[in-house]
Amino acid sequence: MEYAIKEALRLYPMASFANARRCMRTTQLGEYTVEAGVDVQLDTWSLHYDKTIWGEDADEFKPERWSSMSNQPSFLSFGAGPRQCLGMRLAILEEKVLLAHVLRKYSFVTNTRTQIPMKLIGRATTRPANLYLSVKAREF
């Protein structure tokens with residue numbers, strides 16, 4: 001379940017704007033000089049879809065990729081370093097508990113109104129333009 005959650009967050013980082021920082025002192029990054037006071041924002045979406053990092057199948061949902069890269073430094077859905085989201089572990093734990101309770105009794109299935117591929121909207125945070133799924137009771 002953890003691999004599926006991480007893979008979903010890799011493909012759809014919801015608050016990618018949180019990876020922005022203000023440069024506190026003039027810094028040289030390769031051939032670029034970043035002046036003090038300049039706001040720098042990391043392009044999380046491009047990083048999460050980079051084929052040189054994630055492989056040629058970077059745009060596919062493949063949770064099994066996490067079995068060999070559990071501590072991938074290029075995964076920034078919750079940021080990284082000393083300013084990483086404090087609620088990350090709680091958020092992932094809550095998601096696991098919720099999914100376990102719901103998926104124990106129900107399955108989510110596409111229907112005729114389901115838009116594939118999903119269209120995302122928003123800038124600061126992203127969300128589906130619409131999301132239509134059907135809930136089907138599991139048979140035991």
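Predicted model: local features only at pLDDT ≥ 70, side-chain atom pairs only at ≥ 80, totals over all residues.
User: Is K6 buried or exposed?
Analyst: K6 is buried, with a relative accessible area of 14%. The cut-off for buried is under 20%. E2 counts as partly exposed, at 33%.

User: How many salt bridges does a search of the whole structure find?
Analyst: It finds eight. One of them joins the side chains of E7 and R65, at 2.9 Å from N to O.

User: Where do E7 and R65 sit?
Analyst: E7 is in helix α1, and R65 is in the loop between α3 and α4.

User: Which residues are linked with E7 and R65 in a network of salt bridges?
Analyst: R10, D57 and K62 are linked with E7 and R65 in that network.

User: R10 next. Which ring does R10 lie over?
Analyst: R10 lies over the face of W54, at 5.0 Å from the ring centre.

User: What about R113, which ring is under its charged end?
Analyst: That is the ring of Y132. The charged end of R113 sits 3.8 Å from the ring centre.

User: On to aromatics. How many aromatic pairs does the search find?
Analyst: Three in the whole structure. Take W54 and W66: their ring centres are 5.5 Å apart and their planes are at 50 degrees, so the pair is tilted.

User: Where in the chain are W54 and W66?
Analyst: W54 is in helix α3, residues 51-54, and W66 is in the loop between α3 and α4. They are twelve residues apart. Both W54 and W66 are buried.

User: And W66 with F75, why is that pair called edge-to-face?
Analyst: Their planes are at 75 degrees, so the pair is edge-to-face. The cut-off is over 60 degrees. The ring centres of W66 and F75 are 5.0 Å apart.

User: How buried are W66 and F75, in numbers?
Analyst: W66 has a relative accessible area of 1%. F75 has 13%. Together, W54, W66 and F75 form one aromatic cluster.

User: Switching to the surface. Which residues make the nonpolar patch?
Analyst: L103, Y106, F108, M118, L131, L133 and V135 make the patch, which is about 620 Å².

User: Which strands each supply at least two residues of the patch?
Analyst: β5 (106-110) and β8 (133-137) do.

User: Is V135 buried or exposed?
Analyst: V135 is exposed, with a relative accessible area of 54%. V135 lies in strand β8.

User: Now one from helix α2. Is T44 buried or exposed?
Analyst: T44 counts as buried, at 0% relative accessibility. T44 is found in helix α2, residues 44-48.

User: How far is T44 from D57?
Analyst: T44 and D57 are 13 residues apart in sequence. In space they are 17 Å apart, C-alpha to C-alpha.

User: Big picture. How many helices and strands are there?
Analyst: Four helices and eight strands. Along the sequence the pattern is α-β-β-β-β-α-α-α-β-β-β-β.

User: Why is the chain said to be more spread out than a compact globule?
Analyst: The radius of gyration is 18 Å, well over the 14 Å that the globule rule gives for 140 residues, so the chain is more spread out than a compact globule. The C-alpha trace spans about 60 × 30 × 30 Å along its principal axes.

User: What share of the residues counts as buried?
Analyst: Of the 140 residues, 22% count as buried.

Conventions
Residues numbered from 1 in each chain as written. Heavy atoms only, no water. Phe/Tyr/Trp six-rings, centres within 6.5 Å; stacked < 30°, edge-to-face > 60°. Buried < 20%, exposed > 50% of the residue type's maximum accessible area, 1.4 Å probe, protein only. Lys NZ or Arg CZ within 6 Å of the ring centre and 35° of its normal. Patch = residues over 30% accessible without salt bridge, like charges linked within 9 Å, V, L, I, M, F, W, Y side chains within 5 Å. Areas by Shrake-Rupley, 256 points an atom, 1.4 Å probe, with all protein chains shown as cover. Salt bridge = Lys/Arg side-chain N within 4 Å of Asp/Glu carboxyl O. Rg over C-alpha atoms; globule rule 2.2 N^0.38 Å.
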